[in-house]
Amino acid sequence: MILNTELEYKGNLFPSNIISYKKVVDTFYFTTKNNVVLQLTVQRDSVLRFRYTTTAIFEKDFSYAITKYASRGYNNLEISEDKDYYTVITSKLICKIAKADMRISMYDVHDNSLICEDELGFHWEESHEFGGDIVKMTKTSQNGESYYGLGDKPVHINLKGKRYENWVTDSYAYGKDTDPIYKAIPFYIGLHHKKAYGIFFDNSFRSYFDFCHERRNITSFWAQGGEMNYYFIYGPQMSDVVAKYTDLTGKPHELPALWTLGYHQCKWSYYPESKVKEVAKKFRDLKIPCDALYLDIDYMEGFRCFTWNKEYFPNPKKMVKELADEGFKTVVIIDPGIKIDMNYDVFREGLEKDYFCKRADGPYMKGKVWPGECYFPDFTNPEVREWWSGLFKELVEDIGVKGVWNDMNEPAVMDVPDKTFPSDVRHNYDGNFCSHRKAHNVYGMQMARATYQGLKKFSYPKRPFVITRAAYSGTQRYTSTWTGDNVASWEHLTIANIQAQRMCMSGFSFVGSDIGGFAEQPNGELYARWIQLGIFHPFCRTHSSGDHGDQEPWTFDDNITDIVRKFIEIRYQLLPYLYTAFWRYTNEGIPILKSLVLFDQSDTHTHYRNDEFIFGEKILACPITEPNAKGRRMFFPKGRWYNFWNDEVVKGGQEAWVDADLDSMPIFIKEGAIIPKYPVQQYVGEKKIDQVTLDVYYKKGREKSELYEDAHDGYDYKKGRFSLRYFNLVGKKNELIIQQHKSGKFITSYKTFKIKLHGMPFKISKIQVDNEEIAFEDIKVNGDNTIIISKEFTELHVIA
Ligand code: GLC
């Protein structure tokens, strides 16, 4: 479909020479002789927006992706002009616009190095069928350039050499080459000469990216309608590119409640009530921590959303309460399809209020999903979202459901070749009336948004929890997500690993896979290996279709149950560490998982690494993705890494073999790290935390760590009721110093830290806390290098 080879030049139209320009505050308008206007907005010194029209008239400026909270403002903005170019300069970037043909090139202001340049640049083809244009862009690929991002693509982390489509699609049992799948995140990162930039093509039509696939040194992107409208985001650090993209499209509106970071158990489906309770009891009997149980579609009456099957669940409120008494939060599924049934009030109301999507000539959009023939709310209509959010009142406020799972919101339609709405379906698009061609990719996002609004309203003063399958850029503001209907295979374990990393570098960190695989059934070994990976994913849930048997931690033999318990316990111990990573993500847009290339882009070895990743800031994990493995080779990024299991140190910058029998997995801690841990709990809040362990890993040199805590739910933290501790570690030959700076008004329940020293190169003879020497008996140096001290210490000296 792309028309960018020479043969296909025909039909393509190009901007001619620029004849004028004007500046309005932070925006320049360059106009060509043939009426193309480039609107160039300087959002930030390192974020430039490029928007083109081919008719001199722009459409109304509207985007579901860009948040109103996005940072704006620059330190410097200049424009100059010579014979051939206009040059726009900020404190980070130089942008040249060629007068002859409007082609753009971007340079780093500090060293004048070329970051990205147009090849053909913007061009278009008139869309006779639909009106408007098919908008296109081609750029030259620089020497050694690699490409990353694009959301949930289940392929190699480095996208070079491939072509992808952005069209949200229900993809049961997708494979490693299936494209597109559930999400459309038209954002990629280019990396060359140690510098990274990003491009976010904010166009919700079906769009494509080609990374040197069609032509060896050309990258292109195009969409079937709408505007050529993209943001250029400069790093040069890749993590800054991701953070700036996340700032633009939105960080989550609130921190997730801590329980949502616990372990979740799901299946299609647990019913009746006695089955749900049996599962709950088993978790507690076997002492496997678990925070959430899910009800899939069978809890409803004939799959009608917001109803209950009273035969299976005679008293949902009572059941939800009894589960809550045992520490389980109930999460229920809600799909977009509303069953056509005049005796069903949600359907009747939707009909009366004219809230369902319609075809071009007037009939309702009718499609088959689980309940049979359905109509579908137009979630792109703000009034519909408001109505939808209100429908959660009973579920949340009265029955006590704590989370809602939005599925099939691509929107999926059964028994039709396109698996979704036909393109003529009409949408409100927040007053920018359009067809499904434009609204398709945002439909699921708007559903999740409406659900979020409902949960937020009715869960208050607690925080909402939503999970969605479909997403467009920006969906991370409202909800968590999972990677859809994967398969219980070793290959899919690898895919899950890549997808979670890729989603994190695409601004969407609250992500996980169906642990163990959705379709088919894993054996115990695969399940155990998947749990090992899953505890390092921001969202950690086992889910399966149930067609092929059970998939609970105890389904396999006792040995597997023990392994699963052991790893879920590690997850619960690491909750304060993970929560701190979430705090950084919701505050600064820093991804929770960092592919090695994101962690150290200066080392070209990392550019093609798929398996290893950094969890938070300090933990390096690498799943075992093959059967019968006793370990594996893995790559260690630069630095020194402590083996989590035995404290052995590995020097980074190389590959090495790591032993990992089935009850183990390669986990390493960055030297100098301070890792906070809570005691194992069966669910969040089970125990009052009366001591926090700080695992301190000696380093000769300096390292910073942090610990963020608050009430773990509610909104008080937004008023300053949080506790943020910065730890500064300085290791010397004969001394280890830890300084602590604290801010925030929240008072944590514990009084002491148990400091556990790892890798000490000397025998401790003296300890000072806040400049006072402490007698060993007072602070209790245990035989195992642990010290218990007040959490209020400001400086700890451990001396040889
Ligand atoms: C879809 C979902 C899956 C769910 C099933 C039934 O396949 O992806 O998670 O269990 O529908 O609701």
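Q: What do the buried residues of helix 9 pack against?
A: This is a predicted model, and in it the buried residues of helix 9 pack against helix 8 (490–505), strand 32 (514–515), strand 33 (541–542), helix 10 (558–573) and strand 35 (613–615).

Q: Why is helix 9 called largely enclosed by the rest of the structure?
A: Buried means under 20% relative accessible area. Eleven of the eleven residues of helix 9 (residues 524–534) are buried, so the helix is largely enclosed. The buried set includes charged residues such as Glu525 and Arg529, along with Tyr527, Trp530 and Leu533.

Q: What makes the chain as compact as a globular protein of that length?
A: First, the parts: the chain has 13 helices and 51 strands. Its radius of gyration is 27 Å, close to the 28 Å that the globule rule gives for 800 residues, so the chain counts as compact as a globular protein of that length. Along the principal axes, the C-alpha trace spans about 85 × 70 × 50 Å.

Q: What share of the contacts joins residues 24 or more positions apart?
A: Among contacts with a separation of 6 or more, 69% are between residues 24 or more positions apart.

Q: How many positive and negative side chains are there, and how far apart are the centres of the two sets?
A: There are 103 positive and 108 negative side chains, with the centres of the two sets 4 Å apart.

Q: Why is the Tyr188 and Phe211 pair called edge-to-face?
A: Rings pair if their centres lie within 6.5 Å, and planes over 60 degrees apart count as edge-to-face. By this rule the chain has 75 aromatic pairs. For Tyr188 and Phe211 the values are 5.0 Å centre to centre and 80° between the planes, an edge-to-face pair. Tyr188 sits in strand 14 (residues 187–192) and Phe211 in strand 16 (residues 207–211), so the pair ties together parts 23 residues apart in sequence.

Q: How do you know whether Tyr188 and Phe211 are buried or exposed?
A: The cut-off for buried is under 20% relative accessible area. Tyr188 has 1% and is buried; Phe211, at 0%, is buried too.

Q: What makes Tyr698 and Phe762 an aromatic pair, and where are they?
A: The ring centres are 6.5 Å apart and the planes are at 90°, which gives an edge-to-face pair. Tyr698 is in the loop between strand 43 (691–697) and strand 44 (701–709), while Phe762 is in the loop between strand 47 (752–758) and strand 48 (766–769).

Q: Which residues form one aromatic cluster?
A: The members are Phe306, Tyr355, Phe376, Phe379, Trp387, Trp388, Phe392, Phe421 and Tyr443.

Q: What is phi for Lys287 and for Asp770?
A: Most residues other than glycine have a negative phi. Lys287 has a positive phi of about 55° and lies in the loop between helix 2 and strand 20 (292–295). Asp770 has a positive phi near 50°, in the loop between strand 48 and strand 49 (772–773).

Definitions and conventions: Residues numbered from 1 in each chain as written. Heavy atoms only, no water. Helix = DSSP H or I, 4+ residues; strand = E, 2+ residues; numbered from the N terminus. Rg over C-alpha atoms; globule rule 2.2 N^0.38 Å. Contact = heavy atoms within 4.5 Å. Charge placed at Lys NZ, Arg CZ, Asp CG, Glu CD. Phe/Tyr/Trp six-rings, centres within 6.5 Å; stacked < 30°, edge-to-face > 60°. Buried < 20%, exposed > 50% of the residue type's maximum accessible area, 1.4 Å probe, protein only.
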